[in-house]
Amino acid sequence: MKTNILKKYSLLLCIGMLIISGCTKDFEDINTNPSAYGAATFDPNFTLTTAQLTYTGSIDFAYDTWRGNLIYSSTMMQGLSTVISYWAGDKYLLNEGYTAAYWGSTSVGAYVEQVKPIVDIVEFTKGSSKYNNVRQVARLWKALIFERITDLYGDVPYSEAGQGYYTGNLAPKYDKQQAIYTDLLKEVEEATNALDVNGDKVTGDAIYKGDINKWKRFGNTLLLRIAMRLTKVDENTAKTYAQKVIGKTMTSNDDNAFVKHDVSGARVTQNRNSQVLAGDGGQENYYVKWSQNFINKLKSANDPRLGKVAVTGLFLDENTKTQNPNYSSDPVVQKGMPNGKDLSGIAGRDVRQDASYTTFPAYSSPNPAMIKKDGITFILTYAESELLLAEAAQRWAIGGSAAAHYANGLSAGITFLSQYDASLAISSTVADTYATANPYIAANGLEMINTQYWLHTCTMLDFYETWSNWRRSGFPILTPVVYPGNATNGTIPRRFPYPVEEAAKNGVNYKAASAAVPGGDNLAGRVWWDK
Amino acid sequence: MIYYYLLQGRPKYKALLKFIMLMKLACIMVFITCLNVSASVFSQEKISLDVKKTKLAKVLQIIEQQSSYHFVYSSSYVPVNKDVSITVTNTLVTDVLAAILNRTNLKYSVSAGGLIVISKNKEVPISGTVKDALGGVLPGASVRVKGTGIGTSTDVNGKFALNAPENAVLVVSYAGFQTKEISIGSQTSIAIVLSEDTKQLTDVVVTALGIKKERRALGYSVTQVSGETLTQARENNVANSLVGKVAGLDISSTSGGAGAATSVTIRGVSSLSQTNQPLYVINGVPMENKPVGLNNLNGNGNSGGQYDNAPDLGDAVGNLNPDDIESISVLKGAAASALYGYRAKAGVILITTKSGKGNSIEFNSNYVAEQVMDRTNWQYVYGQGANGVKPADAAAAAQVGGSSWGAKLDGSNVVQFDGVSRPYTAQKNNIEDFYRTGGTWSNTLALNKSFDGGTIRLSANDVHNNSVVPNSGLNRQSFNFTGTFNPVKRLTIDARMNYILEQAKNRPMVSDGAGNANYNVAFLPTSVSVNDLKPWKDANGNEIPYNKGNAYATNPWFAANEFINDTKRDRLISSFSAKYTFDNGLFLQGRAGRDAYTDSYKNVVPSGTAYYAPGKIVEQATKFADVNVDVLVGKPFKIDEDFAITPNVGASYRRTNVNQTTNSGADFAVFGVYNILNAKNKSVAYVASVAETQSVYGTLELAYKDIFYLTGSGRTDWFSTLATPGKDNKLSVFYPSVSGSFVFSELWKPSFLSFGKVRAGYAVVGQATDPYQTLLTYSLRSEVLNGLPLGTISNVNIPNSALKASKATELEVGTEMRFLGDRLNLDLTWYKKTSKDEITFVTTSTSTGYSGAVLNSGKIENKGVELLLSGQVLKSKDFVWTSSLNGSYNDNKVISLADGVTSNLIATSRPGVGFLQNIPGKAASQVMAYDYKYDAAGKVMLGANGAPQRGDLVAYGSAYNKWFAGWNNEFNYKGATLSFLIDGKWGGKLFSATDYYGYVFGLHQATLENREALGNTAATYYQLSADNVSNKFVQDASFIKFRQMTLGYNFPAKMFNNKIHGLNVSLVGRNLFILMKKTDNIDPESSYNATFPGLELGGVPPVRTFGVNLSVKL
């Protein structure tokens, strides 16, 4: 009897199993996401556009731009100044969340928003002739992305970064900055050479709309910038690579690389700096000003840029974010706000007790034409290129005259403002006249070049670059602010500490890297090239 | 054995083979037990026998030879040629006879002269009806002949018919009713009335697949809770009502306010990163219940992430109306839930809703008031300000809007953020002043109707809740229809529909401060009154911010009154089942169920919000449909009178469809108009997913008398979610189980013992995964950059094309004993559960490009003990004191993670210095924080500003509690009932972000130390101290709470001339007070997320409720 039951029972089970195995054929279709693309149907041009956009800042309310570029870099470099209490960088205070913002966490920041798509394009297009130019542009862009990450943090995951899907490595090692720089130089040189004017059209290119010649000049300029970063630690390599790009770099402001933003996509596509400086998240519009140091530099030199980049009376009331259309761009009334001040009511600290203070609207704000929500974010410019060439010429007497490059850089750094908005246009006649009136003096050439680089990158609102070049060159000489409780013993920070979350997510590699930072894993520690 | 050889060569069927072998083994075990059994009848003479396969006639002859007995029988009904094998030494003849005649329909009688007459046991047909006290029929009641395997169950009209031996005793039982034994004597037709039983130890429980079983037959632990215990002192989410009532259940509600989700964990966490929430099965149809949190991929709603700035959007189980629930069965272990295969890993909670009973009208009305309890214990020595001075002017006050680093509170006037001067004094009532007295009014009307051939029940319920949070609340209407029909003989049809409409108004935000009223009220400076933050907007409708130093510190009144976080749910849970039983007992059952809902969510950051003046809006529509179809075929076989065997085989199919459209907009064209078309920038997101699972399963139940029960089962699941296009990987997994129960009190029953059994079970269950985890895919964003599409990689986690289903094995042993005439009951279980090949979402460094990876990895173990001790402490004619104590202990350990992974991050606290991590060798979900940094001599190292430096990240213990206890007491005096429940949990840890911000904002009492001496740098010192050495925020989450109290009176029916059958009025209270806690400024149960405990911030303060419940039966 029992056997009988077992027989029937197992027979039924067998039949059931057979029936079901026949029904699982469509499981693969069921498990294919209907609102996504597989590798076969996808075009990497789409992800290239994303990577170009996210290099200008996070799509999630630009937390990296806000914290890395503005709260820290802009104020430490005395380009901007503020009394907002959480702008820790202005006072050299440590806010670990802010210094970690550029690196990012779970869904935002450089690694997930920039590295992930750009590494994927490079992998996706491996060995594909169909996407040769897309691939080379992606390699250049990848180098650009990593240059900034390593400049901010030092030794960082590079060779194994963004490779999660391709290698399965869940704990990328931190590469030495020296090794990263070596590879960046190699990559940029190779990719630039591999660009083919007769090759595939880079349809997703938001920078040059697929103009390969411009990309070649971009590649060479980028190579120059990467090389020049090494002047303190490895002058030979710097010189070797600078030598290679002579005559192949950008030739005018037309070659400037920038992303033009789009207001329609709200925070996803809008200009990152503008969102913050227009006060989308706080009272930045009212309380963030051009630094006293910056304005005074322009003022004392009668720089024609002063009447363009700075305005007073832009926001008259701290409670409204409506811009006053009758703001003044008269250079005479422009006034920067001192750094390191607050609203504490304590003498020596409260900006309202400073000699310069009258009202907040009387301090200069960035011109609203620079911070349009559909405005542009500059990536790399001809002016930077020329100033770097001037330094190369000065240092090693290569690539022509330092004075000529300096004059080109200075002039282009004035005329490029028109790319923000026609209202900021300064004629090349005015610029050239100014350049002629302020000629290059080789005796303090490096200071002159790098002070112009400082002014120019501040007006580009690319304060990351301002900070890196200042750390490399030491110019201009900045007087640190004195603020109680600062984290650097009163010195200007030289590096962002690693995100503490790495301790929890990539503990072993983090610990080793953190322990290896010269000067300690803090704001005062240094990256390799900043010895 | 033929199958063995047939199947041996095919690896695919190895599992099946294993199963068959297992069944065989089970049969052998039954035999062994049977052979040991003997009846006890008085007789003097003893004999020894050793016969093998000997004819019965011969055996009787041998007995006659060895003794002075003689047999009288007729070979017409005695199977004289039947082979008998028996070995006994020095055994009573009557015992030998009993053994030989066992499992035959023969009996014997011994006459004075040593003559033994063997005669035929007469079987008589008996039929009858089973009804409740009100005359309602009870379909599906179990009717069993005591001491045998003979039994049946009542049909839809409560009728039964069976053949029973003469003078048999019938045991009639029904879930929620007291079991009754009736001697049938010479009756052939019998009307049986059962009375209701609300105590926990009902004798019939609902088990997997909705099969009702006698508790004594179960080889595993099941706890059944009757619906009545959930309805008096009710909770908005019915799952919360189980707190403290079931051993082994860890229930914690989130601080998410009205409509928030609840976390239910059974026997510890068995999954490292997938859901640990049990499967809910309503009337046999599984219901998906993923609360908001870790595994909720909805971009809106609280996900438990560090930067969450979202409300708790609730769960699915919270929609149910407790008045419709007949009973809840908690299948704790794998052996109990094995038939649910891949959905059983975290345990199963079976909910049976009420069916029509008799002709009656029931009305229940319940009103409870809700009141917040302020758990903060801040310093009130220093007031708002910075650097030890009070604000000099309005601008300064606004910049330090959230800071209590000011001067000593001296009562002098100080200008505040709004330019108004007010005394600089302590404001201790901000919590009380901000929150209002909330209330919930719940009414249910139910109609029961029985007619020839069926019963129906119709109920309607309305819940109206005003939350303690201003401008927030929850409304729910639900309608329930249950119909049971018997259209033709032997066919039973059961149709159920539950239609739910739920609207939540302004679900409060949790965690971060932006738009979160709770956060901002909790951290207001000591000298600022929340009432002075009114008005919250200016004439133009813009927020008046109180804290300009942090734009994200939204004015709490603005957050509560202007933000919108509304949800609507329109849900239909329906099921239809038909069962046909043939004359020979073979039944065929088909069941189809569908749980479908449409959710709409509207989130608005209003125009004029300080941190986002242009405003933004999200309108999201989610359509969810889960279809479950199953068939079951079975037939009870009676091998002989004592031995019954019931095989069941079945198959099921599940298909889950989800699609979600999210419209987001920003920058309102017209100020203050909140619809998507008014947004200048719009984007759309669309997510669709389909998953299918197919399963076959079977069970084999063996019952020997009512002494020994054995059940084996096997199930194979095939998952679409494991399929990878282009790859041929294994899509299926086999889950076997075996369990047995031995009622030893049938054999050995000392006077103090009224019932005793031991049980054991072993099973393998599992867990599958979400769709689309196996392939890298790309998608396009809704937004474009000047016409260029923006492509992204869709996967957040690194996909894995080699995924396989995970497995968990569990062994449990237990005993159930009743003493002193059932006055004292004991139920004890030990279990050990090991999960492996876990499909884990491993959190990775973002430098991989991804926030995590999907892996089959890790091993986790739970070991524990559950105890239920209940009984009647005092019992007299009018007074009964019933008390029950349940306790459990769970020891959890993560044995390994993925290869090369030494720790895995689960979550990060908002401040970024507290973490939850899984670490091999330690219990799951370790609360991690930074220790001091020590020098070689062990001295604390100090850094800038004299603050301690940051040391190592240290694990301070699991976020899950280890010890749980609940103590229920009920006192009955005549018609009056007083009951209370005290419950507690011990051993868990909690990272208090509230305390962290208490430090940073200068609110925490500990920040008083050295404040004067530190002067200007006090704030920086304490900020550094909080950031660098965060271990001081790791708190002991242990507590004891006075959870519930009710005082009620049952008015006797005769008071109303029996026109009203029942009237009960009760005063009820829940969460009345805390008897023990170890947290400084928070409730130890605080959590902002339903999928993992251990982190808290910015939730709704704990709420005390009290009110009245009225229940009428007409």
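A salt bridge is a side-chain nitrogen of Lys or Arg within 4 Å of a carboxyl oxygen of Asp or Glu. The model is predicted, so that local features need pLDDT of at least 70 and side-chain atom pairs count only at pLDDT 80 or more, while totals for chains, interfaces and linings use all residues. Residues are numbered from 1 along each chain as its sequence is written, chains are lettered from A and ligands numbered from 1 in the order in which they are written, and side-chain values use heavy atoms, with hydrogens and water left out.

**Figure 1. A network of salt bridges in chain B.** Arg215(B), Lys757(B), Arg759(B), Glu816(B), Arg818(B), Asp822(B) and Asp827(B) are linked in a network of salt bridges. Over all chains, the structure holds 87 salt bridges.

**Figure 2. The salt bridge between Lys213(B) and Glu701(B).** The two side chains meet at 3.7 Å, N to O. This pair links distant parts of the chain, for Lys213(B) belongs to strand β14 (residues 212-214) of chain B and Glu701(B) to strand β36 (residues 679-704) of chain B, 488 residues apart. Strands (E, at least two residues) and helices (H or I, at least four) are DSSP runs, numbered from the N terminus. Is Lys213(B) buried or exposed? Lys213(B) counts as buried because its relative accessibility is 12%. Glu701(B), at 18% relative accessibility, also counts as buried. Here buried means under 20% relative accessible area, exposed means over 50%, and partly exposed lies in between (1.4 Å probe, protein chains only).

**Figure 3. The salt bridge between Asp599(B) and Arg569(B).** The closest N and O atoms of this pair are 2.7 Å apart. Asp599(B) counts as buried, at 18% relative accessibility. Arg569(B) is buried as well, with a relative accessible area of 10%.

**Figure 4. The salt bridge between Glu123(A) and Lys126(A).** In this pair of chain A, the closest N and O atoms are 3.2 Å apart. Glu123(A) has a relative accessibility of 16% and therefore counts as buried. Lys126(A), in contrast, is exposed, with a relative accessible area of 52%.

**Figure 5. A patch of negative charge on the surface.** Asp26(A), Glu28(A), Asp29(A) and Asp728(B) gather in this patch. Patches are made of residues with over 30% relative accessible area and no salt bridge; like charges are joined within 9 Å, and nonpolar side chains (Val, Leu, Ile, Met, Phe, Trp, Tyr) within 5 Å. Lys and Arg count as positive and Asp and Glu as negative, whereas His and the chain ends are not counted. The place of a charge is taken as NZ of Lys, CZ of Arg, CG of Asp or CD of Glu. Accessible areas come from the Shrake-Rupley method with a 1.4 Å probe, and for residues only the protein chains shown count as cover. Glu28(A) is part of helix α2 (residues 27-30) of chain A. At 30% relative accessibility, Glu28(A) counts as partly exposed.

**Figure 6. A positive surface patch in chain B.** The patch is formed by Lys730(B), Lys807(B), Lys836(B) and Lys859(B). Lys859(B) is located in strand β47 (residues 859-875) of chain B. With a relative accessibility of 32%, Lys859(B) counts as partly exposed.

Figure 7. Most residues other than glycine have a negative phi, and most peptide bonds are trans. The peptide bond from Phe475(A) to Pro476(A) is cis, with omega near -5°. Pro476(A) lies in the loop between α20 (463-473) and α21 (501-505) of chain A. Lys534(B) and Pro535(B) are likewise joined by a cis peptide bond, with omega about -5°. The loop that holds Pro535(B) runs between α9 (517-522) and α10 (556-562) of chain B. Arg267(B), which is not a glycine, has a positive phi, near 50°. Arg267(B) is placed in the loop between β17 (262-266) and β18 (279-282) of chain B, and counts as buried at 1% relative accessibility.

**Figure 8. The surroundings of Ser385(A).** Ser385(A) is placed in helix α16 (residues 382-396) of chain A. Ser385(A) is buried, with a relative accessible area of 0%. Which residues is Ser385(A) in contact with, leaving aside its neighbours within four places in sequence? They are Thr221(A), Leu224(A), Thr249(A) and Met250(A), where contact means heavy atoms within 4.5 Å.
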